Amino acid sequence: MKRIALISDGWKRLVLYSWMDGILMRARELGIEINLYQFNANGNWSYDRKHNNGEYSIFYLPELEKYDGVILDCGNMTDVEQRDRIIKRLKVLEIPVVSIAYAEEGFYYVGNDNKKLFRKVIDHLYEVHNCRSFVFAGGPIYHYENLVRFESFKEAMEEYGIKLTDDMYMFGDYDFGTGVRYIDEWVKSGRPFPESFVCANDNIAAGMCCAAQKHGLKVPGDFMVTGFDNLDKAAYYKPQITTVEHNRGNIGKNALQILVDLWDGKQVDNFCFLDSECIPAESCGCPNTGRLNYRDYVKWQIDYSVKNDVDAENVMVLENIIKESQSYEMLFKNFSDHILNMNCDGIYIVVNKILFDLETDAEFPIELWCKKEDMVVGYAAERGKRFENVCTVEELEEYFRNESGTNGYICSPIHFRDQIVGFTIFKNPLFLYDNAYLYDIHSTFVITLEKLYKQNKLEIINKKMMYLYNHDSLTGLYNRIAYTEMIIPIFKDLIEKKKICAMIFFDVDHFKTINDTYGHRFGDEVLKKIAAELEQNKPEKSYAYRFGGDEFVIFVPDADKDLVESFISAFDKILEKSNIYVSCGTIFTDPYSLKSLDDYLVEADKKMYQVKATRKQKKKERRKMFFKGVDISS
């Protein structure tokens, strides 16, 4: 079983599934078993650089040295720094690297011979249609294929003896809107039109034809337009657009063939060009190619439109289901069920353990992936089954290694801007044939996951803040604020139910002497010792408070007098073992009295002082015991 890594950046928010489709198709044709892992980012469309860096983090997930080959598609990467980083990383590997439509020294190139094919288009205009004035309507200035086509344009102009001027080339994007903008700006400038616009791709060409018609211009009457890539936009547009064949599926097939030949020890050329052709058509004045069945195309468009409506509705349903998910488990299940129903063989969600450990102050890593042992499989499912025993990344990798047949996996990053949270894996996502908007679906899932994480984190923070608000920082017992907020409503309810409660008020005997003799830190240890014993031994369902200084209060709801007195006696003996003495005042409430909670607290306080007064007779004896040393260890 060969393992291949395909590293790709989508075009804006679209996933180019054609590479994976071609690779898997050739593997099945050759009868070989491979596992193809496509690490796909969509990092070239957002203006948020941190978001884009989070997308590109997926490139650093795989241990590439453990693969048998790498196929790189970096043509859409607008971030030159990111592109150079991944290329630099690939160059130190001792495994073959095939680059799609991007020539890099040390890599094997697969794609169109852009310079040769683009020149064929220009020569066709020059020789067949006697065109003598040209404008290059280009795509992104960073894009390798676009630049090669521009080089071909410049060389042609030089050989034709046509001086290249600044108004003979334009750079924009590869979309329809770029072509519209080119014509709008040209009309606005008032300049005379060239005889031909040679476009870097079909999207631009179709946009120019559309804009020309809106301005009352004719193609090819007022000027000619050519494209590149042989998309449906070229073949079925009116006018039919002159173009160049660019079969992406064949690129995937040839990329795998290069790797197979290298594995077999065969000699392989550094450049593998597709067997493509120039296709003259109506936009340059040639006749319709006649290759098309318009009724089949219309049928496909109708079917596609209906399917798009269904997909759009499903996405809306998914968004609502996801947004209503109240837990990670629910979110993972809802998202996975939707993906599996979209014609996908499996889905696996891997996340950093930090996502679940809300108590930790650790932060998600940035740019670089954490260790495998810090990751956990949050959810794993295939059609008809859920994996409960696949919990670690190693277990998931072992499962993939043991699978038979040829499979493709698309790995997409889960990130909160530039914070790396994890990744999803989609097994054989055939739905991408007709629906390339995986990013939009996936981002809805990620946004909801981040919202849940922040909500859970905020709940933990609020609990911690409430704990600090309600608890004494030294002893951990409830404080006086909590006493006021908690006990008053509890007491009111118990009185209405005619229940007897107990109020125990006590403070530490000779506490000032302890502080003066042994220091305040030692006195704090005494208070902590008392608090710990209170928590462990207080009556069931009772509440213990540090009321301030060395004063403590215990409130016992629905109190049994014998049990309360038994507790006080036992508690005295527990403290005496550590040479700690307290004076207690106990009051039992009268459910038929009109006394308030504060009234009972005052009575308990007075009773405590009465108890303390009666014990003063043993003051000298007690002092001797204290100065022998208070034992707080037991």
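Visitor: Is cysteine 131 buried or exposed?

Guide: Cysteine 131 is buried, because its relative accessibility is 0%. Buried means under 20% relative accessible area, exposed over 50%, and partly exposed in between, with a 1.4 Å probe and protein chains only. This is a predicted model, where local features need pLDDT of at least 70 and side-chain atom pairs count only at pLDDT 80 or more, while totals for chains, interfaces and linings use all residues. Residues are numbered from 1 along each chain as its sequence is written, and side-chain values use heavy atoms, leaving out hydrogens and water.

Visitor: How many disulfides?

Guide: The count is zero. A disulfide here is a pair of cysteine sulfur atoms within 2.5 Å.

Visitor: Switching to backbone. Which peptide bond into proline 220 is cis?

Guide: The one from valine 219, with omega near 15 degrees. Proline 220 is in the loop between helix H7 (202-214) and strand E9 (224-226). Helices (H or I, at least four residues) and strands (E, at least two) are DSSP runs, numbered from the N terminus.

Visitor: What about the bond from lysine 238 to proline 239?

Guide: That peptide bond is cis, with omega near 5 degrees. Proline 239 lies in the loop between helix H8 (232-235) and strand E10 (243-244).

Visitor: What is phi at asparagine 230?

Guide: Near 55 degrees, a positive value in a residue other than glycine. Asparagine 230 lies in the loop between E9 and H8. It is partly exposed, at 31% relative accessibility.

Visitor: Where is asparagine 428?

Guide: In strand E17, residues 419-429. Asparagine 428 is buried, with a relative accessible area of 9%.

Visitor: Now helix H4. What should its span be?

Guide: H4 has 15 residues (114-128), so it should span 21 Å, and its end C-alpha atoms are 21 Å apart, which agrees. The expected span is 1.5 Å times one less than the number of residues.

Visitor: Which residues of H4 are buried?

Guide: Among them are Asn114, Leu117, Phe118, Val121, Ile122 and Leu125.

Visitor: What follows H4?

Guide: Asparagine 130, with a positive phi near 55 degrees.
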